Amino acid sequence: MNIKGKTILLTGASGGIGQAIAIRLHKHQAKLILVGRNFKKLEAVNEMIGNNHQIICADLSQTDGRNKLVSYCESLTHIDILINNAGVSHFSTFESSSDDQINQLMNINLLSPMLLTKALLPMLARPQNSIILNVGSSFGTIGYPCFTTYCASKFGLKGFSESLKRELQNKSTKVLYIAPRATDTDINSTSVNQLNKKLGNATDTVSVVADVVIKQLLNETERVAIGWPEKLFLKVNGLIPSIVDKAIGNQIKQIMHFAKLSNIGSVVKLTNKSTQQKTMSRITSSATHS
Ligand SMILES: NC(=O)c1ccc[n+]([C@@H]2O[C@H](COP(=O)([O-])OP(=O)(O)OC[C@H]3O[C@@H](n4cnc5c(N)ncnc54)[C@H](OP(=O)(O)O)[C@@H]3O)[C@@H](O)[C@H]2O)c1
């Protein structure tokens with residue numbers, strides 16, 4: 001699709017990947033609706049790209065937040081592209097995840113994009129062609145330890161994208177799905193970055209991901225996965241998952257080690273600063289030796 005002059009709603013526009021996508025869409029002269037919860041960050045993105053785009057500050061996990069966004073969109077003639085990019089992640093053993101964390105993550109990563117998409121389908125049906133692009137993850141195809149809820153949400157998003165794509169095959173709205181691998185943004189905690197470094201997992205820059213997103217939109221490519229050997233891993237996991245079981249099995253000690261640090265980090269955040277420092281150094285030395 002030619003992006004020039006198109007009305008594009010981008011969720012997660014205040015985040016790492018979202019900002020990089022917004023910059024590129026602006027260069028292609030799109031009209032943007034930038035969505036996030038943090039107004040200051042959204043304003044900073046808008047200022048960076050010429051200050052002539054619409055900002056909607058909304059918590060998409062809340063009905064009120066989604067309604068606010070949908071009401072604004074209903075005032076427009078149409079929407080050409082919806083990019084469901086907002087997301088959160090959580091790295092810990094499943095057992096130690098709280099019910100709230102599980103509910104929130106499934107809500108933001110899966111239910112919210114589904115409900116937002118449903119509400120916006122009439123506006124996406126108005127132009128001759130429109131696109132829904134869902135930002136998934138390589139963890140939407142490979143189940144990875146200690147990202148259990150995140151993987152469940154992204155597997156769900158992939159299933160949603162594929163089903164809706166097939167459901168709308170005779171309509172003017174196309175559904176695309178992209179699966180980035182690890183990317184350098186705030187969604188990844190220090191423990192996740194340390195784990196990736198330890199395992200030698202490549203981490204992309206947001207520019208790499210955003211360039212691929214733009215190419216995908218221009219070419220209307222239905223399914224895109226970023227990174228090698230991740231692409232091979234995704235295929236092997238589909239065909240012979242026991243091979244991937246084994247490969248990940250070899251990493252489990254290291255994954256658990258960093259997940260333990262991550263759990264402790266979340267608890268430490270809740271205490272005051274001096275206690276935090278003492279607790280963290282005690283914990284780090286005990287975890288390093290476990
Ligand atoms: N970075 C990676 O390693 C990686 C890998 C694969 C896939 N992805 C996917 O890429 C997408 C973008 O992530 P990122 O890496 O750019 O992370 P990020 O920098 O943390 O950005 C996340 C974005 O989601 C928004 N968001 C979170 N909860 C929200 C809510 N309840 N309502 C509205 N907006 C909300 C945040 O907005 P506010 O800050 O304004 O609240 C922020 O703009 C996510 O779907 C993620 O799963 C990331």
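Analyst: A polar contact is a pair of N or O atoms within 3.5 Å. The model shown here is predicted.

User: Which backbone nitrogen lies 2.9 Å from a polar atom of the side chain of Ser137?
Analyst: A polar contact needs N or O atoms within 3.5 Å. The side chain of Ser137 has a polar atom at 2.9 Å from a backbone nitrogen. The residue that owns this nitrogen is Phe139.

User: Does Ser137 count as buried or exposed?
Analyst: Ser137 sits in the loop between strand E5 (130–135) and helix H5 (148–167). Beyond its neighbours within four places in sequence, Ser137 is in contact with residues including Tyr150, Lys154 and Tyr177. Buried means under 20% relative accessible area. Because the relative accessibility of Ser137 is 6%, this residue counts as buried.

User: And Ser75, is that residue buried or exposed?
Analyst: Ser75 is placed in the loop between helix H3 (63–74) and strand E4 (81–84). The cut-off for exposed is over 50%. Since Ser75 has 55% relative accessibility, it counts as exposed.

User: Which residue has the backbone oxygen that the side chain of Ser75 reaches?
Analyst: The limit for a polar contact is 3.5 Å. The side chain of Ser75 comes to 2.5 Å from a backbone oxygen. That oxygen belongs to Tyr72.

User: What distance separates the C-alpha atoms of Ser75 and Asp99?
Analyst: Along the chain, Ser75 and Asp99 are 24 residues apart.

User: Which residue in E2 is the bridge partner of Leu9?
Analyst: Strand E1 (residues 7–11) and strand E2 (residues 31–36) run parallel and are joined by 5 bridges. For Leu9, the bridge partner in E2 is Ile33.

User: How much space lies in the second largest pocket?
Analyst: The lining of this pocket has 17 residues, and among those nearest its centre are Lys158 and Arg223. H5, strand E6 (173–179), E7 and helix H8 (230–239) each supply at least two lining residues. The space in the second largest pocket is about 380 Å³.

Note on methods. Residues are numbered from 1 along each chain as its sequence is written. This is a predicted model: local features need pLDDT of at least 70, side-chain atom pairs count only at pLDDT 80 or more; totals for chains, interfaces and linings use all residues. Side-chain values use heavy atoms; hydrogens and water are left out. Two strands pair if DSSP finds at least two bridges between them. Helices (H or I, at least four residues) and strands (E, at least two) are DSSP runs, numbered from the N terminus. Buried means under 20% relative accessible area, exposed over 50%, partly exposed in between (1.4 Å probe, protein chains only). A polar contact is a pair of N or O atoms within 3.5 Å; within protein, one must be able to donate a hydrogen and the other to accept it, and residues adjacent in sequence count only if both atoms are side-chain atoms. Contact means heavy atoms within 4.5 Å. On a 1 Å grid over the protein atoms alone, a cavity is a set of points where a 1.4 Å probe fits but cannot get out, and a pocket is an open set with protein on both sides within 12 Å along at least five of seven lines; lining residues have an atom within 4 Å of a point. Grid points are joined across faces, edges and corners, and a volume is the space filled by probe spheres set on the points.
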